[in-house]
Amino acid sequence: MNAPIPRDIPLPLPAPEGLLEVLLIVSFLVHIVFVHLMVGGSLFSLICQIRGLKTPDYEKLAYRIMQTVTVNKSLAVVMGVAPLLIINTLYAPQFYASSALIGDMWMAVIPLVTVAFLLAYVHKFWWNHFINIPELHIGIAALETALFLFIPLIFMTNVNLMLFPEYWPQVKGFISAMLLPNVLQRYLHFISAAVLFSSLFFIWWTGRKAFLQEAQFSKLRVIDVRRFFYAFAFGATILQILTGLVVFATLPAQGMSWGFTLLLMLGGATALPAIWWMWQNLTRPDHLLDDNFKKIMGCFVGAIIIMGIARHDYRENTLADHKTAIAEKTANYMAAVKEAGEAAQLAAKALEGKATIPGESEFNQNCAACHHATLPTVGPSVQEIKAIYVGDPAGIAAWTKSPGKKRADSMSMPGFPHISDDELAAISQYLLNH
Amino acid sequence: MDFPIFHIDFIGNRMLIAFDAILHVIINHALAVGALPVIALLEHTGIRLKDPRWDTLAYRLLKIIFIITTTVGALTGVGIWFSASLVNPAAIGSLIRVFFWGWFAEWIVFVTEVSLIMAYFLSWQSAARSAEAKQKHLHLGIFLAAFSWITMAIIVAILGFMMDPGNWLAERTLISGLLNPMYFPQLAFRTTLAMVMGGMTMICLTYLFTRNDFGFRASVLRLVSSWSIAWMLALVFASIWYYQVIPQHMFANIPVAVTTQEFVSWNSSLKWLLIVGLSFVGWVLWSSVKHPGTVHGAKYIASVLLLFAMLGQFERVREFIRKPFIIGNYMYANGIRVEDYPLLQRDGILQHATYASIRDITDDNKVSAGREVFEQTCTRCHTVNGINSIRSQLKKMYGDKLWQSDVIAAYIENMHGARYFMPPFPGNKAELNALAVYLSTLQKRATAFNGVQINGIPKPDKISAATFYGALPNLDAPHGVQK
């Protein structure tokens with residue numbers, strides 16, 4: 001393998017690897033569902049607000065959607081902490097490396113998300129302040145949505161880059177990492193999933209009994225709103241399958257296995273009946289619109305769990321050799337560290353027996369950095385000090401106890417409170433006699 | 001050594017973390033831990049007095065808290081993770097291995113906290129429908145305040161651990177790390193400081209929101225000031241306690257942390273500044289309890305700023321006094337473990353750094369090899385040209401005199417003796433000389449120093465692609481495990 005092999009953090013994992021992997025898959029799925037609702041919700045709010053210019057009821061819908069976005073976005077962030085923590089634990093050598101390689105963009109996630117969230121609040125909390133300037137309001141919504149759409153691309157780039165250590169040496173900054181095989185395909189797959197899952201969420205959400213009262217539409221029928229979301233869900237599912245096939249066809253071979261292929265096919269196949277049921281719901285009379293909703297949801301919950309497992313399986317496949325190599329290298333390095341440490345201890349012991357001049361080691365440890373034998377460096381040279389304090393070791397000790405600044409072109413000497421009086425006396429003697 | 005080196009040469013890596021972390025801790029203390037109990041107190045008083053003005057005020061204050069904590073507050077918290085994992089992955093990676101379950105518990109508390117603040121804020125108006133619902137809503141607020149404190153209590157354990165690992169070095173368990181000697185004093189200090197900060201911040205906002213109702217303003221200010229002054233008394237005791245447990249060897253660093261070396265004596269004057277500052281805040285609070293309507297708003301704002309400045313200074317000192325370590329006695333600030341030193345000082349750090357591009361130092365490559373040594377050993381704290389730049393340090397030491405590499409080398413070899421906050425140099429003699437040669441060239445010119453986020457990493461060579469240490473080139477002594 002032509003990849004750099006770093007060493008791992010030389011401390012044991014805090015829990016069995018399998019347990020951490022299960023926690024990772026579960027917490028990531030929870031996180032990504034809320035991310036989907038946040039990104040998709042923001043997108044739908046924007047679309048509805050633009051439609052609201054012609055049909056005012058859609059503007060009311062846009063406001064209601066924004067109310068879900070501001071809740072879901074907080075959950076998306078807080079739910080993301082657990083998978084981040086576990087990735088840090090399980091994949092430290094890979095994840096820290098890929099993060100550093102796109103470091104400036106990776107760090108930019110923080111201000112970008114903050115700005116997106118603040119824009120979302122301006123968008124929602126000041127809704128009525130914008131009544132006469134809808135263009136500005138839509139502009140804010142568009143900026144917020146653009147940020148929400150862009151930020152996942154940074155994450156996608158990073159989690160893709162960490163999988164392929166052999167690509168690391170060719171990466172120079174974010175853009176080159178983003179253009180590595182498969183990032184953009186996976187990103188499109190993610191976007192269509194965001195539209196799909198937020199559509200499903202809004203189908204449920206607009207179907208609640210309380211919704212009619214909350215929305216206070218003047219003309220628009222709730223059933224039409226729900227058809228609107230059904231249509232998006234239907235289209236997004238087809239797009240999801242298409243982009244999924246593209247991702248599969250272009251996945252780098254490193255992580256491929258029959259097990260993984262089977263999992264992907266199984267996950268994809270789970271979504272197929274949902275397409276059929278959605279089509280049925282869409283073409284039926286209004287009162288039957290929700291007939292298959294539970295079955296559809298069941299399909300997608302199944303699909304998302306299988307895909308979450310498949311995703312992890314691919315990661316483990318791609319990194320298997322790298323992880324083995326890292327474990328080997330770490331163990332060997334620790335053996336070398338131990339051996340060198342023992343050798344150094346033996347050498348120190350051997351030195352202990354030898355007679356030393358009193359004050360010499362203390363001088364080297366505390367003073368030699370700034371006081372060179374002959375050259376004036378940070379402080380005056382030893383030669384110079386000797387000339388000043390000839391026959392006066394107590395003078396050196398007194399100065400060191402409360403030092404200051406003597407020469408205009410050098411810096412002030414710091415205090416040495418940790419040196420005892422005896423050591424100080426020895427150092428002064430050593431200075432004058434050698 | 002084991003991670004590609006991210007580096008920003010202008011603001012510096014430390015400043016990146018510091019900016020994010022200080023902002024986070026100010027928001028956390030002043031608007032979450034310290035402010036949420038005040039909101040619950042106001043809501044409670046509104047219910048007790050059956051006066052809707054209290055309720056309206058509490059809601060307005062909570063709205064500000066909600067907007068700031070769920071955006072800048074939450075994201076700067078995640079930002080500490082991001083920046084720490086870029087700047088010192090070895091350190092944060094080690095802390096995560098030890099404190100995983102602590103952080104996992106923290107996450108659960110954090111999820112609860114976020115859910116509670118959304119529930120508390122978003123259900124405020126609908127809770128007005130009945131007295132029973134209002135009472136339940138108040139309980140939500142109390143729970144929220146409690147969870148917000150628990151989040152802080154967990155993270156303080158990890159901060160305390162970084163300063164003094166206590167028994168962990170011997171035992172290496174989560175509990176021994178959590179119960180390190182710094183824990184309770186620091187928690188007491190932070191809790192009381194946060195309560196005073198939160199109270200004072202809410203006083204300022206109240207002052208702003210009650211411009212048209214002086215009678216009401218006076219009664220709110222009297223209540224919140226009494227609450228804050230009680231915490232202020234506790235804060236005085238907590239600071240004394242905390243000050244006493246800072247280990248002695250760390251004390252030696254405090255004068256340098258607080259001021260520059262030229263002003264070592266500032267330590268005592270800073271102590272006085274803190275005493276005077278706290279007395280001022282105490283005095284403002286006391287007059288606010290006695291004559292709440294008469295204290296000018298500027299005094300409240302001055303108090304808040306003083307408290308923010310004290311907190312910022314406290315964090316700076318706290319971060320500094322753990323030096324030269326990033327994890328006390330285990331890992332130096334350069335990300336290299338104490339245990340690694342004998343090996344690296346014998347073989348050279350470039351022989352073991354996964355992402356170095358030069359392994360052997362020759363007469364021809366001294367400057368570029370020195371630059372790599374600089375990258376591996378100095379850049380976690382120093383920039384070339386930006387904040388805390390190595391150029392300004394050398395200039396302070398040698399001024400316009402010619403910067404001589406042998407003098408610089410002699411200095412670096414011994415500097416940890418004279419400068420307690422500096423780790424010992426981790427490489428071998430040849431690397432020390434190369435580093436000194438590189439540093440001496442900086443007197444005349446310095447090319448911009450970029451991290452891997454711009455330059456990328458070198459192609460893997462024999463050393464970075466190998467998994468064993470027995471057959472590395474140029475390692476004289478037979479060591480490592482042969483496969």
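## The contact between the chains

In this predicted model, the contact takes 75 residues from chain A and 71 residues from chain B. On the side of chain A that touches chain B, five helices each supply at least two residues, namely H2, helix H3 (92-101), helix H4 (103-125), helix H11 (293-353) and helix H12 (360-366) of chain A. H11(A) gives the most to this side of chain A, with 13 residues. By residue type, the side of chain A that touches chain B divides into 50 nonpolar, 18 polar and seven charged residues.

## The two chains

Chain A has 15 helices and zero strands, whereas the secondary structure of chain B comes to 20 helices and two strands. The table sets out some values for each chain.

| Property | Chain | Value |
|---|---|---|
| Span along the principal axes, C-alpha trace | Chain A | about 110 × 60 × 35 Å |
| Box along the principal axes, C-alpha atoms | Chain B | roughly 85 × 50 × 40 Å |
| Buried residues | Chain A | 41% of 434 residues |
| Buried residues | Chain B | 49% of 483 residues |
| Contacts between residues at least 6 apart in sequence that join residues at least 24 apart | Chain A | 79% |
| Contacts between residues at least 6 apart in sequence that join residues at least 24 apart | Chain B | 74% |

How does the radius of gyration of chain A compare with that of a compact globule of 434 residues? Such a globule would have a radius of gyration near 22 Å, but chain A has 33 Å.

## The domains of chain B

Chain B is divided into domain 1, residues 13-332, and domain 2, residues 338-465. The centres of domain 1 of chain B and domain 2 of chain B, taken over C-alpha atoms, are separated by 39 Å. Where these two domains of chain B touch, 14 residues of domain 1 are in contact with ten residues of domain 2. Helix H1 (residues 13-33) of chain B provides the largest share of the domain 1 side, three residues, and the residues of that side divide into eight nonpolar, four polar and two charged.

Leu223(B) is found in helix H9 (residues 214-245) of chain B, and it counts as partly exposed because it has 18 C-beta neighbours inside 10 Å. Between the C-alpha atoms of Leu223(B) and Ile457(B), which are 234 residues apart along the chain, the separation is 60 Å.

In soluble globular proteins, nonpolar side chains tend to be buried together. The largest nonpolar core of this model has 242 residues, and those with the most contacts inside it are Leu101(A), Ala233(A), Ala35(B), Ile39(B), Val196(B), Met331(B) and Tyr411(B). Helix H2 (residues 56-90) of chain A contributes the largest share of this core, 17 residues.

One of the core residues named above is Val196(B). When its neighbours within four places in sequence are left aside, Val196(B) is in contact with Ser228(B), Trp231(B), Met232(B), Leu235(B), Val281(B) and Leu307(B).

Helix H8 (residues 183-209) of chain B has 27 residues, which at 1.5 Å a residue should span 39 Å, and the end C-alpha atoms of this helix are 38 Å apart, in agreement with that expectation. H8(B) is mostly covered, since 20 of its 27 residues are buried.

Most residues other than glycine have a negative phi.

Lys50(B) has a positive phi of about 50° although it is not a glycine, and it lies in the loop between helix H2 (36-49) and helix H3 (52-87) of chain B. Because a residue with 12 or fewer other C-beta atoms within 10 Å counts as exposed, Lys50(B), with 9 such atoms, is exposed.

Asn329(B), likewise not a glycine, has a positive phi of about 60°. Its place is the loop between strand E1 (325-327) and strand E2 (331-332) of chain B. With 11 other C-beta atoms within 10 Å, Asn329(B) is exposed.

Terms used: Residues numbered from 1 in each chain as written. Chains lettered and ligands numbered in written order. Predicted model: local features only at pLDDT ≥ 70, side-chain atom pairs only at ≥ 80, totals over all residues. Helix = DSSP H or I, 4+ residues; strand = E, 2+ residues; numbered from the N terminus. Core = buried A, V, L, I, M, F, W, Y, C linked by C-beta atoms within 7 Å. Contact = placed C-beta atoms within 7 Å. Domains from an automatic or database assignment. Nonpolar A, V, L, I, M, F, W, Y, C, P; charged D, E, K, R; others polar. Rg over C-alpha atoms; globule rule 2.2 N^0.38 Å. Expected span 1.5 Å × (residues − 1).
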